[in-house]
Amino acid sequence: RPSPFELLALAALFVSAATVLRGALSLVSVVDPMVPVVTDLSSTLQDASHPRSSASVAIDVDASLVASLSARAPLVTDVELDLLRRVLDATRRAVRAECSWRRRSDTRRRAPPTALLVAAHARYKLVLDAVARTLVAAAATRSPARFAHIARLFDQRYWPFAPAFGEFLFGCTSQTQEDGALEFVLAVVAADIERRNVTGTALAANNTGSGGHGGNAFGPRPPLLDRGVHRAVEMCSGIGSENNLAYFALLYGFDTLMVDGAHTHEARAFFTQPHMPRTMHTPTFSDAFLTRDKVNSVVRDAGFHGSIDLLSLDMDGNDWHMWRALTAVQPRVVIVEWQEMWYDGERKSMAYNAEHVASDKLLADMGASLSAFIALGAERHYRLVGCVWFNAIFVHNDFAQLVLPAFNATKCYAHHKGSYALRLAQRRARADRYNWIDV
């Protein structure tokens, strides 16, 4: 027969066991049921024979789970991080699949984004916010091992993310796959500003929030890039449906300025057609023919000045000179198209020509080398953070240096192989016909 002391000890043990069991059940009720859901979703996506089926399945990812992950970020525990990785993979693959379907036809490219794309992206941008906040918070701990561990969870193949930006690469309205890379970079920059509570800029005023929550439960927060007013400028934006700003104007409502001396009417027709998503903000259009003497007045007259989120230069000509002359706006992120025929270390630019008009037949007479842009960026306090084919992405040194460190530019030439390298060599052989200068 047990003694009173033994009975008391047994009761205490029973209470302890019940407490542990209750905690475990609570954890399972919050997290574990979602894990098989996401696992099943991932396998469904892998087996999908048609790319659009990925998007239709992924919008079934539980909205409350996505909102919870975003609200709790930055995440800390391995269970939370693994769950975030799974949901990121599912939602990102959905957006990529829908964008891939859209890009397969010129007709679909020029049509409004589908409801399927808008729905899939609504999930993805919340998950991307959680990733950005988690990376920024991990970097702020000054523990390289911890940061590297978390970073690799979100991208198994590359670290740093450049030059390919790993699984964050996809294109929806950009020429190649710049949309996904720019979205990731902009989200990280916004998370960095939020965490440091930077004041004195428009983005900081709109994006200040409570970073470093450490996994506590909070109410829903709007996506970082949905808060306040975000502004962007593109020089030579083409027909509107294919450039580096359309994605952000359509799906985030960025206030954008699209300047193009030849295709403004087509761009305006694209953005003013019926059935555009409610997330869209109609861009400001300018048909000005840009020169370095009037670039600042064109931008200011359109209502853009001071700090902006993104500048895109795709002029196929005086790009280096235009960036050097531009002072009306101070972008946090800059993307430029660089001339690939020049090797690493060669700081070359076409001589300034105020009357230059780009031509697909004169590929050896346009732009500037990557080394020239890197040097100019350094003068203006920007660092190269990666390349997407022949597009280089720069971030101002005030933002996210730990998550987006300066990148080794030699890796931007990794795709110069085989027949592509031969074409570049042939282009280079024609360069002496044109007026190139050292800068």
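Predicted model: local features only at pLDDT ≥ 70, side-chain atom pairs only at ≥ 80, totals over all residues.
View 1. Helices here are DSSP runs (H or I, at least four residues), as are strands (E, at least two), numbered from the N terminus.

**View 2. H4 crossing H5.** The axes of H4 (residues 63–72) and H5 (residues 78–103) come within 11 Å and cross at roughly 125 degrees, which makes H4 oblique to H5. Axes are lines fitted to C-alpha atoms, for helices over the stretch in contact, and angles run from 0 to 180 degrees between N-to-C directions; under 35 degrees is roughly parallel, over 145 roughly antiparallel, 65 to 115 roughly perpendicular and the rest oblique. From H4, Leu-65, Val-66, Leu-69 and Arg-72 meet Glu-80, Leu-83, Leu-84 and Val-87 of H5 (contact means heavy atoms within 4.5 Å).

**View 3. Two non-glycine residues with positive phi.** Cys-236 has a phi of about 70 degrees and lies in the loop between strand S1 (231–235) and helix H11 (246–251). Asp-316, with phi at about 50 degrees, belongs to the loop between strand S4 (306–313) and helix H14 (319–325). Cys-236 counts as partly exposed at 26% relative accessibility, and Asp-316 is partly exposed too, at 22%. For the cut-offs, buried is under 20% relative accessible area, exposed is over 50%, and partly exposed is in between (1.4 Å probe, protein chains only).

**View 4. Aromatic pairs, with two picked out.** The structure holds 14 aromatic pairs. Phe-270 and Phe-271 make an edge-to-face one, 4.9 Å centre to centre with 80 degrees between the planes, and both residues are buried. The rings of Trp-323 and Phe-373 are a tilted pair, with centres 6.4 Å apart and planes at 35 degrees. That pair links distant parts of the chain: Trp-323 is in helix H14 and Phe-373 in helix H15 (residues 370–379), 50 residues apart. Rings of Phe, Tyr and Trp (its six-membered ring) pair if their centres lie within 6.5 Å, and planes under 30 degrees apart are stacked, over 60 edge-to-face and the rest tilted.

Notes
Residues numbered from 1 in each chain as written. Heavy atoms only, no water.
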